[in-house]
Amino acid sequence: MAQQETRANGRIAVLAASKLSPLYAAPLAERYELLDRLHETDPAAFAAAAPRIRAVAASGESKLPGALVASLPALEIVAVMGVGYDGIDVAACKSRGAKVTHTPDVLNDDVADLAIGLMLSAARQLPAADRYVRSGDWAAKGAMPLARRMSGARCGIVGMGRIGKAIAQRALAFGMSVAYTARSAKAELPYEFHATPAALAAASDFLVVITPGGAGTRHLIDAAVLRALGKKGILVNVARGSVVDEPALIEALEQGVIGGAALDVFADEPNVPERLRALPHVVLVPHIGSATTSTRQAMADLALANLEAHFAGRPLKTPVPECR
Ligand code: 8YV
């Protein structure tokens, strides 16, 4: 009977908390009873299914608030396909005895590659240069205005975790100096530590944000940090939109308080404010840090492997730090 309550057609019920990558959703649907966003699409059917939902599958952007966790009495595991899990109420999951897993490491190189690509794009104005050729402006107006040099500049990294270190390695290859801020100095690293983002910004030409999202880092990059970065400084965000005070950033860009920005993440994705989109010297990309075929496959495989390990009674591959 208990078996019947927790399984439909012999398969374990898994709720997809938001739209999942097909690379994750397809194998899930083969092996589990995948309830795709049922809590949003059909509240009555969700209420009926909730007592047998034993797992939640999520992306790095999924929201799993405490109230939703509370409505899942049989919840055992939340398997996030993403390194970030700031939308998941981990404390609520833990208080119910449920584990949370994520997909660290497999995306480090791709996100770091994108950070460097954004730095170059903003410094050398690559999207504007592309538009200059396509529009016929090159033939009509002659050479483009000169851009700024990236090699040899000062790279400040906000958040020196696994991806921050991968960005630092790449910056060194461009002859840049590297400095960082983080919760604490890391004695094993050869880079200069600054205690605050404002102090780091004042010592940087490029300020690259790659710290986890969530309440602890909300608006860490505010108007004062942008003022410290200064009118030649470039802000790059490959972390979470919540880490930057977006209205303050727009103001700073419009007023020339900073020199430019290149952004992969936004406060209210996929909605990007019109004022930001209107700024020609700002580079905007649609949250593609980990979006290569091979990395997204590796992330999906790891998220699935965590679920499989859990239901086979094996140790989890990559639980989040709070659940280790
Ligand atoms: C993805 C991400 O956007 O890993 C993260 O935290 O932001 C991403 O790589 C996405 O969650 C992939 O499912």
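Predicted model: local features only at pLDDT ≥ 70, side-chain atom pairs only at ≥ 80, totals over all residues.

Me: Which residues is threonine 101 in contact with, leaving aside neighbours within four places in sequence?
Reply: Contact means heavy atoms within 4.5 Å. By that rule, the partners of threonine 101 are Ile77, Val78, Ala79, Val80, Asn306, Leu316, Thr318, Pro319 and Val320.

Me: How is the chain divided into domains?
Reply: The bounds come from an automatic or database domain assignment. The parts are domain 1 (13-105 + 294-323) and domain 2 (108-284). Nine residues from domain 1 and eight residues from domain 2 take part in the contact. The C-alpha centres of domain 1 and domain 2 are 32 Å apart.

Me: How much area do domain 1 and domain 2 bury between them?
Reply: Buried area is the accessible area (1.4 Å probe) that two parts lose on being put together, summed over both. Carbon and sulfur atoms hold 36% of it here. For domain 1 and domain 2 the value is about 630 Å².

Me: How many salt bridges are there between domain 1 and domain 2?
Reply: Side chains of opposite charge can pair when their charged atoms come close. A salt bridge is a side-chain nitrogen of Lys or Arg within 4 Å of a carboxyl oxygen of Asp or Glu. Between domain 1 and domain 2, the count is two.

Me: What is the distance between the closest N and O atoms of arginine 240 and aspartate 86?
Reply: Arginine 240 and aspartate 86 form a salt bridge. Their closest N and O atoms are apart by 3.0 Å.

Me: Which parts does the salt bridge of aspartate 105 with arginine 162 tie together?
Reply: The closest N and O atoms of aspartate 105 and arginine 162 are 3.7 Å apart. The pair ties together parts that are 57 residues apart in sequence, because aspartate 105 lies in the loop between E6 and H7 and arginine 162 in helix H10. Aspartate 105 is partly exposed at 42% relative accessibility. Arginine 162, at 41%, is also described as partly exposed.

Me: What separates arginine 134 and aspartate 130 along helix H8?
Reply: Arginine 134 and aspartate 130 form a salt bridge, with closest N and O atoms 2.5 Å apart. Arginine 134 is exposed at 67%, whereas aspartate 130 is partly exposed at 35% relative accessibility. They are four residues apart in helix H8 (residues 126-134), so the separation is about one helical turn.

Me: Where do arginine 277 and glutamate 274 lie?
Reply: Their side chains meet in a salt bridge (3.3 Å, N to O). Arginine 277 and glutamate 274 are both exposed. They are three residues apart, about one turn, and both lie in helix H14 (residues 274-277).

Me: How far does helix H10 reach from its first C-alpha to its last?
Reply: Helix H10 covers residues 162-173, twelve residues. The expected span of a helix is 1.5 Å times one less than its number of residues. That gives an expected 16 Å, and H10 is close to it, reaching 17 Å.

Me: Which elements do the buried residues of H10 pack against?
Reply: The buried residues of H10 are Ile163, Gly164, Ala166, Ile167, Ala168, Arg170 and Ala171. They pack against helix H7 (108-124), strand E7 (154-158), strand E8 (177-181) and strand E10 (206-209).

Me: Which residues of helix H2 are buried?
Reply: Helix H2 spans residues 22-31. Its buried residues are covered by elements including strand E3 (33-36) and helix H15 (293-311). Those buried residues are Tyr24, Ala25, Pro27 and Leu28.

Technical notes: Residues numbered from 1 in each chain as written. Heavy atoms only, no water. Helix = DSSP H or I, 4+ residues; strand = E, 2+ residues; numbered from the N terminus. Buried < 20%, exposed > 50% of the residue type's maximum accessible area, 1.4 Å probe, protein only.
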